Amino acid sequence: MQILIVEDDIIQATKLKLSLMGLGYHQVILARDAQSALEVCQRQDIEFCICDINLPDMDGVQFLTTLSNYSTNVGIAIHSAMRDDVIELTSNMCIAAGFKFVDTISKPHSGAALSHMFERFNSRTAYSTEDASHITLTVQDVNDAFEHNWFANYYQPQFSAHTQRIIGVEALVRCLHPRFGVLTPISFLETIQQADMSDRLFWHVAEKAIAAVALLQCDISLSINVTQSNFENDMCDQLLALCQCYEFDPKRLVLELTEHEAYRYSRNSLANLARLRMHGICLSIDDFGTGHASLSQLAILPFTELKIDRSFIKDVTTNFRNQQLTSMCIQLANSLGLHCIVEGIEDEATLQYLNGLGIDSYQGFYACKPLPIAALWEYVAHNIELEKTLPHQQPMHNAVILSPNTASSHAISKAMAKDALFGHIFNVKSINQVIDNDNIQQVGLLVIDIDFIDTDINELLLNLNTTNFVGSVCLLEGNNPVNEFTSNHSYHCFKANKNPRYIETIASTLIERDKTDIQKIYQLLSTQEINVANLLLKGFNNKKVATTLDISEKTVSTYKNRIFKKLDIQSIVELAQFR
């Protein structure tokens with residue numbers, strides 16, 4: 001690989017060259033000004049350029065701008081001591097110019113930073129087998145592609161951020177051109193849009209994808225990209241017919257609409273979206289944060305998923321601005337109850353950082369590159385077999401969320417579902433639905449959304465006393481704090497505030513209570529009394545307990561009386577709180 005260093009400080013340039021040679025890169029050329037560097041680029045086949053910004057005569061920004069007019073098939077590393085905002089702006093300019101790889105490296109540099117940068121560059125080159133951005137298909141080429149079935153789907157797996165298990169795939173169309181090889185949409189999408197063939201491409205992709213994913217031996221979701229023009233025609237019935245034809249549940253289908261497309265909606269498109277949502281088909285806003293849509297689009301359009309664009313993810317572990325923007329997008333998705341997915345994950349550090357911010361799922365080359373369908377079937381089958389060997393954590397608490405507001409209860413249940421502590425989560429709108437629940441003793445947690453409750457909270461808690469409920473009650477405060485509430489109930493009652501980490505507060509409170517209950521049991525009960533209690537909780541009568549433990553029924557009754565007395569309870573229902 002030929003590497004060009006553009007640096008006017010001969011000491012810095014020499015140190016860089018020696019470091020590169022230490023990494024095994026021996027074809028290194030030095031240029032002390034921009035004009036000399038341009039002459040080198042015209043004479044030599046430069047694959048990578050490390051450039052300072054602050055150069056004599058022509059500065060580094062002008063040099064990179066001029067270089068992009070000659071060739072963008074080169075990796076760029078900005079090596080400068082300038083202010084961070086200037087470096088970031090220059091980096092963004094290089095990305096906009098179309099350079100195939102853009103990175104920054106601090107001055108003075110370190111050998112480790114150089115090594116990691118070239119690892120990223122080489123891995124990017126290795127997996128970019130579809131890099132044919134210089135090729136643009138004509139209308140005739142596109143017609144030939146449809147006629148000869150050159151358009152095929154590749155599928156990029158999507159993974160749960162919490163379990164790392166595959167939960168979906170995104171269908172990505174490619175053109176398998178007999179002359180140019182595998183082409184990405186950059187080579188043909190603009191031509192298709194100009195020729196008014198977007199509908200034809202959508203249905204071609206949709207049928208192939210639904211038919212293929214329906215054959216997988218698991219219920220993962222399928223994401224398909226759509227354009228606003230697709231929604232202008234009545235697509236709902238045809239899409240449902242496709243799902244029915246291939247026995248594919250429509251609820252597993254996600255339509256991805258880019259943010260700049262979401263800005264343009266009409267009566268027809270809104271009607272189509274409403275019908276699609278009626279049948280359970282999900283809608284994702286793709287490339288969020290890069291288009292022209294305002295936040296009002298999230299209120300008007302029935303989105304169920306928000307996909308954060310890769311441009312924010314690229315350097316999120318080191319770029320403060322991208323950290324804040326990404327965190328804001330994730331908080332927005334969580335507060336609205338939207339599934340939050342990020343694309344462009346390329347390393348473990350980025351994944352762990354985003355996991356800490358609360359994403360739901362992710363996709364990217366780090367986890368798995370887009371696969372043709374045969375490779376996807378093999379990949380999914382391997383993952384299914386692998387999952388069978390993994391331990392499954394048993395959730396400890398079933399939960400009920402009491403909130404008359406559907407959007408708020410959905411957001412709370414979505415946030416709780418991320419924590420493995422919770423099992424089944426149910427949403428109810430009135431206390432009567434809780435009271436009338438015959439299996440209320442199986443509920444470990446009742447969350448009361450205080451902001452939307454009109455009833456006096458103490459009256460509501462007293463009504464709960466009339467049931468067999470023995471779990472915990474969380475009074476979830478938002479704009480309406482709870483000043484006082486009575487605490488002399490058979491269940492545990494506590495408050496939590498709707499801040500970004502309220503689920504952690506709820507979970508830690510429940511875990512501490514569980515620990516206290518377990519300690520209480522082991523302090524008060526003997527081993528045989530614990531055995532009897534466990535069998536009683538399984539629904540065994542005295543006779544079955546006696547047979548199982550090989551003791552008399554009279555002894556079982558004695559143990560039962562001791563258990564009730566030691567735990568200060570009156571019935572098996574109350575014993576359930578110590579489960």
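How many of the ten residues of strand β6 are buried? Ten of the ten are, so β6 (residues 151-160) is largely enclosed by the rest of the structure. Buried means under 20% relative accessible area, exposed means over 50%, and partly exposed lies in between, with a 1.4 Å probe and protein chains only. Helices (H or I, at least four residues) and strands (E, at least two) are DSSP runs, numbered from the N terminus.

This is a predicted model, in which local features need pLDDT of at least 70 and side-chain atom pairs count only at pLDDT 80 or more, while totals for chains, interfaces and linings use all residues. Residues are numbered from 1 along each chain as its sequence is written, and side-chain values use heavy atoms, with hydrogens and water left out.

Stay with β6 and look at its partners. Two strands pair if DSSP finds at least two bridges between them. β6 pairs with strand β7 (residues 166-177) in the antiparallel sense, over nine bridges. Here F151 stands opposite C175 of β7. The hairpin of β6 and β7 has five residues between the strands, and Q164 takes a positive phi near 65 degrees in it. β6 also pairs with strand β15 (residues 371-372), antiparallel, over two bridges. In that pairing Y155 faces L371. Strand β14 (residues 361-362) is another antiparallel partner of β6, again over two bridges. There S160 stands opposite S361.

The term means a side-chain nitrogen of Lys or Arg within 4 Å of a carboxyl oxygen of Asp or Glu. Side chains of opposite charge can pair when their charged atoms come close. The structure holds 14 salt bridges. In one of them, K307 meets E170, with the closest N and O atoms 3.0 Å apart. This pair links distant parts of the chain: K307 sits in strand β12 (residues 305-308), E170 in β7, 137 residues apart. K307 counts as buried because its relative accessibility is 0%. E170 is buried too, at 4%.

Another salt bridge joins D219 and R252, at 3.7 Å from N to O. D219 lies in the loop between α8 and β9 (221-226), and R252 in the loop between α10 (236-245) and β10 (253-258), so the pair ties together parts 33 residues apart in sequence. D219 is exposed, at 70%. R252 is buried, at 13%.

D237 and R275 also meet in a salt bridge, at 2.8 Å from N to O. D237 belongs to helix α10 and R275 to helix α12 (residues 267-278), 38 residues apart. D237 is partly exposed, at 43%. R275 is partly exposed as well, at 28%. Elsewhere, E7, D52 and K107 are linked in a network of salt bridges.

K107 brings us to the backbone. Most residues other than glycine have a negative phi, and most peptide bonds are trans. The bond from K107 to P108 is cis, with omega near 0 degrees. P108 is in the loop between β5 (101-106) and α5 (111-127). D57 has a positive phi of about 60 degrees, although it is not a glycine. D57 lies in the loop between β3 (48-51) and α3 (60-70), and is exposed at 81% relative accessibility. D196 has a positive phi too, near 60 degrees. Its place is the loop between α7 (189-194) and α8 (198-213).

Now turn to an open sheet. Five strands form it in the order β17-β16-β18-β19-β20, with parallel pairing. Its edge strands are β17 (422-428) and β20 (492-497), each pairing on one side only. β16 (residues 397-402) and β17 pair over five bridges. L402 has V428 in β17 as its bridge partner. Helix α18 (residues 406-417) lies across β16, β17, β18 (445-449) and β19 (472-477), at about 175 degrees to β17. Helix α20 (residues 457-464) packs on the sheet, touching β16, β18, β19 and β20. Axes are lines fitted to C-alpha atoms, for helices over the stretch in contact, and angles run from 0 to 180 degrees between N-to-C directions. Contact means heavy atoms within 4.5 Å.

T350 is buried, at 3%. Leaving out residues up to four places away in sequence, T350 touches I313, V316, T317 and I345.
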